[in-house]
Amino acid sequence: MSSLDPTGPDVPIARLRARPERRLWRSLEELARGTAPAGPEFPPGASAPPEPSRRDFLQLLGASAALAGLAGCVREPPEKILPYTRRPEDVAPGNPLHYATAYALDGIATGLLVTSYEGRPTKIEGNPDHPSSRGAAGVFEQALLLSLYDPARARAIRYRGAGRSWRAFLEYAAEAVDLHRKDGGAGLCFLGEPDASPLMADLHERVLRALPAARFFSYAPLAEDAAYEGARLAFGRPLQTRVDFSRARVVVSLDADFLGGGPDRLRAAREFASRRVPESELSRLYVVESALSLTGAMADHRVRMRSSEVVQFALGLALELSPQLQGGPHTQLTATRPLHVMARDLLANQGRSVVVAGARQPPLVHALAHAINAALGNADRTVAYAAPTLPDMAAGPAALAPLVADMRSGRVETLVITAPNPAYTAPADLDFGSALGKVPHAIYHGLYEDETAAQCAWFVPATHSLESWGDARAWDGTVSIVQPLIAPLFAGVTHAELWAAFVGEGDRGAHALVQDYWRRQPGRPDFDAFWEEALHDGVVRGSATRTESVTPRWADIAAAAAAAAAKPTSGGGIELNFLPDSKVYDGRFANNAWLQELPDPITKITWDNALLLSPTTAGRLGVESADLVEVTLRGRSLAAPVFVLPGHADDVASIALGYGRTGLNEELAQGVGANAYLVRPSDAPWFAPGASVRKIGRRARFAITQDHFTMEGRPLALVATPRELRQHPERIEEQRAALPTLYDPVPYPSYRWAMSIDLSRCIGCSACVVACQAENNIPVVGKERVARGREMHWLRIDRYFSGPSALDPEVVFQPVACQHCENAPCEYVCPVNATAHSDEGLNEMVYNRCVGTRYCSNNCPYKVRRFNFFDYVGQRTQPERMLQNPEVSIRSRGVMEKCTYCVQRIERARIDARVAGRTIREGEIQTACQQTCPTRAIVFGSLHDERAEVARLHADERRYDLLHELGTRPRTAYLVRLRNPNPELS
Amino acid sequence: MSALFPPWTNTVSRFSLVCLALGGVVGAVLLVLWVESPYFTGQHGPIEQPVQFDHRHHVADDGIDCRYCHSTVETAASAGFPALSVCMNCHGQIWNKSPMLEQVRAAYFSDRAIPWNRVHRLPDFVYFNHSIHVAKGVGCVSCHGRVDQMAQVTQVAPLTMGWCLGCHRAPEPNLRPREEITHLGWRPPTDSGALGHALVAQYDVHTRVSCSTCHR
Amino acid sequence: MTRQTWVLGEFATPQGMLGAVRHLRRLGYKNLDTYSPYPVEGSSEALGLPRSRVALFVLVGGLVGATLGYLLQYFCNVYDFPINIGGRPPHSPPTFIPITFEVGVLLGAFSAFFGVMALMRLPKPYHPVFEVEAFRRASIDRFWVSIAFAPAEFEKKHAAEELSRLGALQVATVVQDPASIQVYK
Amino acid sequence: MATAPAPHDPLEPLPLVVGAPDDHTINESLFQYVWKPTGRGWWTVFLISVAGVCWFLTAVVVTISKGIGTWGNNIPVAWAYGIINLVWWIGIGHAGTLISAILLLFQQKWRTSINRFAEAMTLFAVLCAAMYPALHLGRPWFAFWLFPYPSPTRMWPQFKSPLTWDVFAISTYFTVSLLFWYLGLIPDLAALRDASKKKLQRVAYGVMALGWRGSGRHWHDYRLAYLLLAGLSTPLVLSVHSIISWDFATSILPGWHTTIFPPYFVAGAVFSGFAMVLSLIIPARKFMKFEHVVTQKHIDNMCKVMLATGLVVAYGYLMEHFMAWYGGNQYEAFVFRNRRGGPYAPVFWTMIFCNVVVPQIFWTRRARYNLVIVWIASVLINLGMWTERFVIIVTSLHRDFMPSKWEMYYPTWVDWSLYGGTISFFLMCFLLFLRFLPAVAASEIKELRAEMVHDQGAH
């Protein structure tokens with residue numbers, strides 16, 4: 001049926017193949033050959049950047065799709081049907097299939113469950129069986145889909161710009177290996193990103209067996225070297241720290257954004273959130289940091305300070321808490337009040353607390369954290385240690401220096417780069433780009449022909465993770481097999497294939513490589529069964545690495561502490577902070593429109609990064625938000641717009657990495673934001689003193705989705721302490737008590753769909769926003785239109801600053817989508833019945849009936865309705881159309897749209913249930929936002945069954961209705977955000 | 001004579017006024033009728049297909065069940081358009097030399113899909129699901145007509161929303177025992193009303209007219 | 001059209017015209033009519049016209065319109081396709097009032113306009129009186145009186161003389177038959 | 001065009017018709033410009049307005065081909081210029097009906113010489129207004145869905161929506177105004193038919209006159225019908241702007257959701273309508289030499305009406321702000337604080353100046369007698385009433401319940417072109433009307449004169 005396949009005959013599904021007797025994944029492997037559409041199919045520059053000119057061109061391109069809304073009243077020529085020539089066994093057109101796979105970011109994998117229609121992956125979810133995911137997925141995982149179909153991805157293998165075949169490259173690689181044999185491969189270097197993949201480790205060894213002198217380097221701009229160094233300092237060997245926040249009653253974060261970043265953030269968020277609700281013993285979070293992070297936003301007490309002062313703070317804490325360090329040098333740090341209180345709170349919760357140090361902090365802070373945890377007896381209770389999952393623990397900017405030195409001195413003849421875009425991400429002082437010029441045989445393997453590709457002789461396009469065979473390991477070591485969801489859309493080879501080329505196996509195909517590796521592993525009598533299970537579950541059971549108990553080396557720590565204490569706190573000037581970006585990470589996602597248009601959780605800025613300053617500092621510098629300034633650090637300078645952020649530390653400027661890309665083909669990324677790598681020093685990659693900020697005089701224009709910070713004293717996102725909740729239940733009661741009405745209640749005999757959102761659990765990570773965008777075919781509109789207030793996200797996360805001081809605000813997040821009011825104000829103003837109520841209480845939006853008066857939006861007090869001001873469908877390029885969810889209508893120009901509670905999922909579940917002659921089970925329907933939510937803040941279900949969790953939450957003491965006094969009777973209920981401040985501090 | 005207008009202008013003026021008035025009304029009425037006419041809804045004769053596939057022969061003569069070719073009708077939204085391999089299951093053995101089937105064989109062996117022309121087309125914003133209708137006892141014939149008597153398939157139902165609503169508001173007349181779903185010639189027993197109501201109860205038929213039933 | 005004769009008299013003032021009409025009526029003349037550039041007070045009484053029926057038309061039209069207006073809304077939103085709109089009852093009289101009123105006014109206005117056109121037998125671009133060239137001033141600054149005769153009781157002479165005696169500035173006679181039309185002075 | 005205050009005895013009422021012209025001269029003086037060739041002045045203004053209309057059409061094409069995105073609208077400000085201009089034009093239209101219908105019912109003689117003029121203005125204003133509801137739709141090609149007709153989808157309009165009411169109100173208003181206007185035109189068309197020299201003109205006006213011959217039997221029904229139409233128009237005109245105001249009043253938006261809107265919108269409509277009549281008729285009477293029928297008396301009266309309605313409007317503003325403060329609803333209170341001191345405060349204070357301060361000058365006779373002052377004031381009041389709609393619509397929308405979705409609204413060139421375009425269209429229609437149709441109801445003037453003569457004869 002046409003409606004199930006909006007891409008029509010363009011999709012090469014007719015060429016899918018399957019041998020009935022084979023397993024599904026084999027059919028996918030077959031699928032992995034020969035379905036790559038021809039390059040010329042795509043118009044030049046079809047990646048739809050937000051400039052109008054190209055948009056016009058693309059409107060013509062997509063005119064047919066844009067007419068979808070008209071289809072009802074226009075007779076069209078007969079539509080073509082392209083059936084399979086041989087239908088794969090398990091594929092019923094219109095019925096999705098789900099495959100387990102995994103995606104590794106900086107080498108650590110998150111398990112995924114991917115939905116696929118007729119061989120087109122259309123949605124990504126977390127894999128419930130995977131330890132790091134537990135069914136959740138973050139913004140990066142959710143947005144993978146778009147980069148898979150990104151038309152800007154590299155299309156061909158090139159040698160000095162000219163197209164080459166994979167075969168040609170293999171010959172070249174073989175020659176290279178022969179050449180290097182003479183000196184054992186001394187001139188051969190591999191630069192990869194940290195990777196826990198067993199297969200890659202194996203290839204690594206095999207290359208060394210052939211060429212013992214070959215050298216392997218790892219580089220990731222956001223690598224967490226300091227953590228391993230800290231462990232080495234504390235325990236004598238690098239160890240991986242695993243925190244179990246679900247056991248911690250008191251959490252002290254020393255500049256650690258464990259909710260917003262880090263390899264295991266999804267699990268951390270889940271566990272942390274589980275302690276933020278009254279059902280469990282409420283935990284208390286202290287955060288010490290400079291720039292306001294997601295973790296800082298969740299803090300019960302937050303202490304702003306320069307990143308460089310955190311070490312002193314940690315020292316002070318350690319001295320109070322760990323007797324083993326007593327008698328050490330007395331730090332000149334004037335111990336602040338919160339420090340003592342924190343210390344007391346930690347002491348009161350020995351074995352039930354945890355101190356975590358941030359990756360941005362130097363090793364000593366990590367060591368001190370370990371020391372404190374040991375002193376408090378938290379080790380093996382809330383925090384455990386294990387052998388690192390990552391083989392290469394020195395991967396930060398510093399680790400890159402020796403390689404660059406060799407490159408300059410010409411000692412590197414052949415350099416195989418698989419690390420993402422080092423020429424861009426390498427610190428400026430290394431000048432990796434020019435060094436690369438000195439390497440005669442540079443081979444770059446990447447998704448895009450980016451800044452690095454431009455400097456390399458050879459370019460080999462990489463397959464996207466969803467197109468690749470391979471394996472990966474989770475933070476706890478659990479192995480996942482990475483299986484492809486679709487044949488490479490553009491010519492590409494996997495990381496493994498590339499390295500295999502240097503052991504003469506480059507032509508075997510990634511599938512063979514990974515399968516052979518695992519076939520060779522001992523202890524698997526029935527390999528096929530193992531393999532099948534591993535693919536099906538997405539994890540290899542019992543492959544997690546075991547934790548071990550260790551004891552700190554107090555003397556070493558004390559010595560290091562003494563040294564640090566002796567060292568005066570870093571000098572004057574402004575301290576420049578470098579932050580991982582919440583959206584483009586280190587810049588690798590810069591061409592992903594979903595992420596670029598996603599509002600930053602804290603600043604709500606889209607399509608940009610900014611130099612963050614505290615109100616005080618901004619005042620002192622005489623700048624305000626959107627002023628362009630020149631930041632100078634160690635003689636290197638950078639122009640960036642200022643954003644004044646409450647809660648930011650004084651005399652500190654923070655800027656996110658990953659912007660200001662100049663990638664050749666990544667048109668979306670080009671010129672978005674400022675490139676902080678240009679001023680990032682390799683010896684101080686996270687924060688450096690002595691920066692100066694000078695006002696340029698020009699102003700930038702931010703596209704901010706929420707430029708008003710406060711709630712204006714309105715009862716929107718309610719916050720309370722458990723005590724207030726006990727003492728003043730009426731304050732919540734009056735936000736939910738039934739209001740008088742003239743109307744007879746409308747009966748809802750069967751299901752009564754409803755949602756609840758627990759503000760205590762929501763950490764504002766925004767994964768739900770991207771999930772919603774992916775599930776519901778929500779268009780991207782570009783910076784200009786976001787700035788005009790025309791963003792299309794059905795679900796937005798409001799961020800409010802509250803509290804007495806604008807310098808130390810309390811932050812609260814509130815996801816707001818259509819509330820599905822039973823007395824919906826939007827409905828009675830629609831002149832054409834385009835929005836109406838279903839017999840189960842859904843507020844339905846009928847796109848094909850909408851004429852676009854926009855009256856409903858005016859009358860929606862929550863302002864959650866979105867309008868198609870232009871023809872956005874027409875702007876979607878061919879590959880982008882392939883990712884559209886066939887279960888959701890494409891909206892034409894001029895119609896309203898909004899959250900539907902994922903009605904397509906409800907209807908599918910209903911039909912499945914009714915065909916099977918049963919009712920829909922509790923939990924059978926998950927909305928996209930709910931399914932991806934790392935903290936389980938969103939719950940969906942039917943109120944007609946009191947046992948349903950959503951019904952329980954609707955009856956919760958913390959439940960309230962948004963803008964309750966209007967009497968709209970929303971079906972979405974909110975649960976009051978709980979704070980657990982320390983009485984001594986409040 | 002000095003009158004500005006000759007006498008006949010009286011008749012003309014009145015006549016033209018009447019025409020003006022009637023013209024508007026009649027035009028509107030015709031428009032309303034036209035959009036529901038077979039010509040507009042597409043019930044206007046068969047649609048040419050690349051291959052002369054004759055349902056009369058396959059269904060009536062050979063007695064092949066609908067589900068043999070449209071195999072996902074009970075499990076999926078789409079009834080399933082038969083893959084060429086399905087054709088070849090039989091025509092690999094019989095008529096495997098027939099020139100009529102040359103195109104089919106060529107397509108099959110060259111692995112190229114034959115571009116058929118859609119006959120029953122719903123707009124893209126309508127989500128029709130075969131499986132649920134079949135499961136609740138709606139026969140193929142109710143919407144597709146006596147395909148077993150069609151040389152080339154023709155759209156017999158208007159497929160307008162009004163037509164859909166008709167059945168969703170009163171499904172009884174269109175229900176039949178599940179085992180008769182694909183039996184195109186099936187006639188309900190004398191008092192079809194009673195059977196309809198019985199089946200509604202038996203199959204727990206619960207037709208909905210909420211927008212999201214079909215529009216998402 | 002049967003043979004008919006019109007005798008027309010032109011007067012300088014409305015008073016003259018009215019006087020003439022009253023007199024002629026007293027003499028028992030039927031089928032009198034007056035012509036003036038603007039409505040002249042008392043002409044209706046002079047012509048002895050009954051109460052106009054336009055008012056009745058408007059009343060009926062308005063009531064019918066209002067009823068239709070309400071029924072239309074009731075049929076659409078309550079009877080034919082009731083939909084749950086924001087939890088409001090499908091049949092909510094208050095919200096039906098505005099359209100009921102508007103449709104009432106619309107039909108009322110239509111019946112007033114087309115009603116009066118029908119009563120005046122307009123449009124009628126041709127009328128025998130237009131045969132008299134001088135009659136053109138009837139819409140500008142002159143006041144005319146006409147007497148129409150069926151062929152049976154044709155008293156052209158007397159009528160013309162009466163009009164002149166009553167002070168008509170000029171008198172004209174239009175004799176209209178299927179064949180030809182003559183104008184006598 | 002300033003004429004010094006006419007020296008005359010204040011006890012003596014101002015004349016409605018200057019001098020004692022006979023019917024013939026009235027006829028000649030009122031129709032002369034239909035016969036004599038058009039002057040250069042007319043052509044200049046006309047061509048300018050035609051150019052404006054072409055510009056308007058380009059803006060329309062852009063809007064329809066590219067989408068509402070070419071306007072400045074956004075979420076939350078989903079309505080802006082489209083609706084502002086709609087309300088403004090409808091309001092202007094109201095004076096016409098008021099003058100011709102209500103003043104007729106109240107037997108105000110002074111309506112006679114300006115009603116035709118005002119009715120024409122009504123028609124063209126409503127035409128301009130009616131364009132916006134269609135244009136501002138996201139999918140204007142489906143505008144017909146707002147009308148109830150049996151469709152294959154079996155869907156009907158939703159009659160609880162004020163927008164559906166608008167459809168009926170505006171179309172009814174236009175139709176009734178047209179009938180009323182045309183019925184009034186008929187005797188004058190007949191007069192033109194008979195008085196014109198050129199054959200072509202005679203035939204053209206003859207066709208339009210439908211064969212009217214001023215028969216006493218016709219006048220008998222005609223007068224009643226005309227009166228009844230006036231009787232129907234009077235509640236209609238009140239209902240139309242009330243319904244327009246319900247577009248806002250029935251919503252839940254702070255600043256919109258208020259019961260005072262209907263009366264205050266109607267008053268505002270009359271206010272702006274009279275302002276528009278004045279700003280048009282003051283030049284017109286000059287250039288078309290109507291001073292003898294459109295006298296100082298008329299202008300004086302209209303100024304007084306504006307003063308009165310202006311005071312009602314001022315009271316409306318006062319009440320809004322008072323209730324916002326007194327009602328103690330924080331959302332309502334904020335919206336009005338935001339109007340006074342928010343980013344759009346300049347527009348708000350312009351409104352206060354034009355609609356509240358300016359009309360006060362009409363307390364003095366000197367101001368009412370100085371045509372320059374009157375004209376400038378009336379133009380300012382038109383501007384003021386436009387800003388009023390801007391304030392009501394934009395300031396209420398751009399900061400409503402959720403501070404997280406507050407946005408600013410800035411119009412685009414398309415917005416401005418559409419606004420300027422309708423003004424040109426209005427002007428064009430008006431010039432054509434002045435050129436080809438009797439702008440003053442001659443037969444009614446004659447009747448009026450006759451009555452005056454009669455009255456004088458009486459005492």
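The model is predicted, so local features need pLDDT of at least 70 and side-chain atom pairs pLDDT 80 or more, while totals for chains, interfaces and linings use all residues. Residues are numbered from 1 along each chain as its sequence is written, chains are lettered from A and ligands numbered from 1 in the order in which they are written, and side-chain values use heavy atoms, without hydrogens and water.

**Exercise 1.** Find the salt-bridge partner of Asp300(D) and say where the two residues lie.

Step 1. The partner is Lys304(D), with the closest N and O atoms 3.0 Å apart. A salt bridge is a side-chain nitrogen of Lys or Arg within 4 Å of a carboxyl oxygen of Asp or Glu.

Step 2. Both residues belong to helix α9 (296-327) of chain D, 4 residues apart, or about one turn of the helix. Helices (H or I, at least four residues) and strands (E, at least two) are DSSP runs, numbered from the N terminus.

Step 3. Lys304(D), at 40% relative accessibility, counts as partly exposed.

**Exercise 2.** Describe the salt bridge between Glu887(A) and Arg908(A).

Step 1. The closest N and O atoms of this pair are 3.3 Å apart.

Step 2. The pair joins distant parts of the chain, 21 residues apart: Glu887(A) is in the loop between α28 (878-882) and β36 (896-897), and Arg908(A) is in helix α29 (903-915).

Step 3. Glu887(A) is buried because its relative accessibility is 5%, whereas Arg908(A) is partly exposed at 21%.

**Exercise 3.** State how strand β13 (353-357) of chain A is covered and paired.

Step 1. The strand is mostly covered, with 5 of its 5 residues buried.

Step 2. Ser353(A), Val355(A) and Ala357(A) are buried on one side, and Val354(A) and Val356(A) on the other.

Step 3. Strand β10 (250-254) runs parallel to β13(A) and is joined to it by 5 bridges. Strands pair if DSSP finds at least two bridges between them.

**Exercise 4.** Describe the interface of chain A with chain C.

Step 1. Here 12 residues of chain A are in contact (heavy atoms within 4.5 Å) with 8 residues of chain C.

Step 2. The buried area is about 880 Å², of which carbon and sulfur atoms give 56%. Buried area is the accessible area (1.4 Å probe) that two parts lose on being put together, summed over both. In chain A, Tyr743(A), Tyr828(A) and Asn833(A) lose the most, together 49% of what that side buries.

Step 3. Between these chains there are 0 salt bridges.

**Exercise 5.** Describe the interface of chain A with chain D.

Step 1. In this interface, 64 residues of chain A are in contact with 57 residues of chain D.

Step 2. The buried area is about 5,000 Å², with 53% given by carbon and sulfur atoms. Arg714(A), Tyr855(A) and Arg893(A) supply 15% of the area buried by chain A, more than any other three residues.

Step 3. The count is 2 salt bridges. Lys863(A) forms a salt bridge with Asp400(D), the closest N and O atoms being 2.7 Å apart.

Definitions and conventions:
Buried < 20%, exposed > 50% of the residue type's maximum accessible area, 1.4 Å probe, protein only.
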